[in-house]
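Keep the viewer open as you read.

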Amino acid sequence: MQALYAQLLVGLINGSFYALLSLGLAVIFGMLNIINFAHGALYMMGAFVAYFLLSLGGINYWWALLIAPVIVGIFGMILERTMLQWLTGLDHLYGLLLTFGIALIVQGVFQNYFGSSGLPYAIPDQLKGGMNLGFMFLPIYRGWVVIFSLVVCIATWFLIEKTRLGAYLRAATENPTLVRAFGINVPRMITLTYGLGVGLAALAGVLSAPINQVRPLMGADLIIVVFAVVVIGGMGSIMGSIITGFALGVIEGLTKYFYPEASNTVVFVLMVLVLLVKPTGLTGRAA
Amino acid sequence: MTALTDDTLPVTPRAIRDEMIVFVMMALLLAAVPFSGIYPFFVMQALCFALLACAFNLLIGYGGLLSFGHAMFLGTAGYCSAHALKVWALPPELGILVGIVAAFGLSLITGYISIRRQGIYFSMITLALSQLLYFIYLQAPFTHGEDGIQGIPQGRMFGVFDLSKPTVLYYVVLVGFLAGFLLIYRIINSPFGEVLKAIRENEPRAISLGYRTDQYKFLAFVLSGTLAGFAGSLKVFVAQNASLTDVHWSMSGEVVLMTLVGGLGTIFGPVVGAFAIIAMQQYLAGFGQWVTVIQGSIFVVCVLTFRRGVIGEIAHYFRRSL
């Protein structure tokens with residue numbers, strides 16, 4: 001039973017990353033009509049920024065949790081201003097191709113300097129050790145990742161669904177021209193949205209740095225799984241992305257326990273099943 | 001859906017004559033390669049990728065569907081051909097057939113699944129499916145995991161052509177490429193191809209005219225996947241191995257890049273793109289991961305400033321379809 005709970009916890013952690021990443025993808029897709037292929041690379045950048053902050057500047061994990069998403073978010077906003085904005089009005093697939101190119105560049109540069117091996121990032125002192133919950137041993141850091149991600153996801157949901165800024169955002173998604181007519185600077189909102197989505201990816205990267213090592217390709221394979229998550233959940237609803245992300249992580253964890261050979265593929269197999277049964281995805285609207 | 005190519009020209013006798021002239025020139029040029037002193041291995045490799053890119057282009061350039069998983073057909077056909085040649089000791093022509101049949105079967109299944117979603121979802125689904133296959137091949141015993149299938153015997157084609165001789169192999173690959181290319185050209189200019197272009201330009205209107213667009217797209221997918229498999233089978237004879245690189249997503253990305261550089265929806269663009277990218281990899285092999293950075297930069301530059309690609313720009317300048 002211990003092993004089962006341990007795998008469930010790993011599943012929840014992976015689920016947190018799926019949720020944070022697919023949430024960012026959904027938010028970006030809503031505003032920019034772009035599937036951000038660079039999401040995995042920016043997740044990796046988040047982890048690297050945290051690593052640099054600690055090793056070069058001596059800035060600890062807690063500050064990294066704040067600073068890394070801001071730095072990567074600014075980087076993302078520069079990308080949006082200099083490149084992505086020129087794709088407005090073109091076919092969706094050009095956005096995919098452009099961000100794929102950006103992902104190759106970012107990952108290639110990091111691979112040149114850091115190879116493919118991982119760099120260690122220590123768990124902060126306050127979160128070291130573990131708790132005995134009676135039925136299992138819980139490493140505190142892992143519990144923290146799950147809870148913190150959940151809080152961030154819900155905060156993002158609240159920001160978009162319940163605040164005035166979120167209302168502008170949703171309105172601009174529906175009809176940007178009309179929203180501009182009300183005097184709202186939609187291009188700036190688009191830039192900020194991209195920064196927000198990218199920042200979420202970087203945050204996931206910082207969270208994962210102490211668990212998975214910091215590697216240039218840490219986001220490359222992850223992003224493909226997240227794509228499958230997005231296909232399963234659909235990008236129509238924020239809450240849908242969060243729930244699907246966590247649920248698929250848990251299912252993956254269970255698979256690791258019951259049938260480890262399929263743990264790499266289970267998300268993709270589920271995607272196939274969902275497509276066969278309900279082609280629009282679980283929460284998605286008809287495309 | 002905005003059109004991928006902003007200048008769709010009608011198929012006129014003159015256009016067909018132009019295209020045939022360019023085709024004959026290309027065929028003669030390629031046929032002369034063994035006499036030129038150019039390393040034939042490089043050209044053979046480029047020809048395999050050119051065929052793959054042409055097959056991919058059939059789907060995106062004429063069907064408007066961006067597949068991000070075409071490596072799965074290349075790799076699947078490669079593995080199956082390699083297995084048939086090495087373990088079952090089949091002659092080359094049957095080995096190729098096994099690979100093509102495998103790619104055909106795979107494209108039936110993956111097409112049935114992925115064609116259910118449109119646009120950007122289609123790309124993500126094909127990418128996810130190819131990643132699924134990647135993991136299956138990583139674990140399946142017959143692929144030998146990380147090692148791949150190596151030392152594949154080349155044998156004698158139809159009992160006559162000794163494929164272990166580079167020149168003979170070169171002409172067999174060239175004939176295979178030209179046959180595949182002509183088949184794609186024929187498909188594009190058939191009534192089926194015209195309907196496909198109509199769907200790409202305006203799907204709702206095609207539906208209102210009574211076309212079952214899903215069936216057309218499915219057929220285009222199967223044709224494209226099967227032809228990509230043919231490229232994979234040919235590649236086995238050139239490289240004499242089948243490995244995980246051929247199924248990896250980065251390979252799918254390279255195919256997209258080749259077609260983009262040459263020109264989406266142009267007839268000769270994918271060939272030019274494939275030669276350009278393979279040549280670049282050849283000359284920059286010593287630069288390690290910078291090749292990835294350069295490829296990424298080409299993607300960015302192409303998408304931002306050069307969406308028609310090399311051949312597309314030329315065709316646009318001369319107002320011809322090429």
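**A walk through the model**

Among the contacts in chain A between residues at least 6 apart in sequence, 76% join residues at least 24 apart. Keep in mind that this is a predicted model. It scores ipTM 0.91 and pTM 0.92. For chain B, the mean pLDDT is 90, and 97% of its residues reach 70 or more.

Let's stay with chain A for a moment. It has 11 helices and 2 strands, and reading from the N terminus, the elements go α-α-α-α-β-β-α-α-α-α-α-α-α. How does the radius of gyration of chain A sit against that of a compact globule? A compact globule of 287 residues would come out near 19 Å, and chain A has 19 Å, so the two agree. If you'd like the dimensions, the C-alpha trace of chain A spans about 60 × 50 × 35 Å along its principal axes. As for burial, 51% of the 287 residues of chain A count as buried.

Now bring in the partner. The contact takes 38 residues from chain A and 38 residues from chain B. On the side of chain A that touches chain B, the elements giving two or more residues are helix 4 (92–114), helix 9 (220–233) and helix 11 (266–277) of chain A.

Next, the inside. In soluble globular proteins, nonpolar side chains tend to be buried together. Here the largest nonpolar core has 199 residues, and those touching the most other members are Ala202(A), Ala228(A), Ala50(B), Leu51(B), Leu52(B), Ala128(B) and Val173(B). Which element gives this core its largest share? That's helix 2 (residues 40–63) of chain B, with 17 residues. Click on Leu51(B) and look around: leaving out residues up to four places away in sequence, Leu51(B) touches Phe177(B), Gly180(B), Phe181(B), Leu227(B), Phe230(B) and Ala231(B).

Some of those neighbours take us to helix 6 (residues 166–188) of chain B. This helix has 23 residues and reaches 32 Å from its first C-alpha to its last, close to the 33 Å expected at 1.5 Å a residue. Its buried residues are Leu169(B), Tyr170(B), Val172(B), Val173(B), Leu174(B), Phe177(B), Gly180(B), Phe181(B), Ile184(B) and Ile188(B). An α-helix has 3.6 residues a turn, so residues three or four places apart point the same way. What covers the buried residues of helix 6 of chain B includes helix 1 (13–31), helix 2, strand 2 (156–157), strand 3 (161–162), helix 7 (191–201) and helix 9 (213–239) of chain B.

Ala89(B) has a positive phi of about 55° although it isn't a glycine. You'll find Ala89(B) in the loop between helix 3 (71–86) and helix 4 (92–114) of chain B. Is Ala89(B) buried or exposed? With 10 C-beta neighbours inside 10 Å, Ala89(B) counts as exposed. His144(B), not a glycine either, has a positive phi of about 60°. His144(B) lies in the loop between helix 5 (119–139) and strand 1 (149–150) of chain B. With 18 other C-beta atoms within 10 Å, His144(B) is partly exposed.

Terms used
Residues numbered from 1 in each chain as written. Chains lettered and ligands numbered in written order. Predicted model: local features only at pLDDT ≥ 70, side-chain atom pairs only at ≥ 80, totals over all residues. Core = buried A, V, L, I, M, F, W, Y, C linked by C-beta atoms within 7 Å. Buried ≥ 20, exposed ≤ 12 C-beta atoms within 10 Å, placed from the backbone. Helix = DSSP H or I, 4+ residues; strand = E, 2+ residues; numbered from the N terminus. Contact = placed C-beta atoms within 7 Å. Rg over C-alpha atoms; globule rule 2.2 N^0.38 Å. Expected span 1.5 Å × (residues − 1). pLDDT = per-residue confidence, 0-100.
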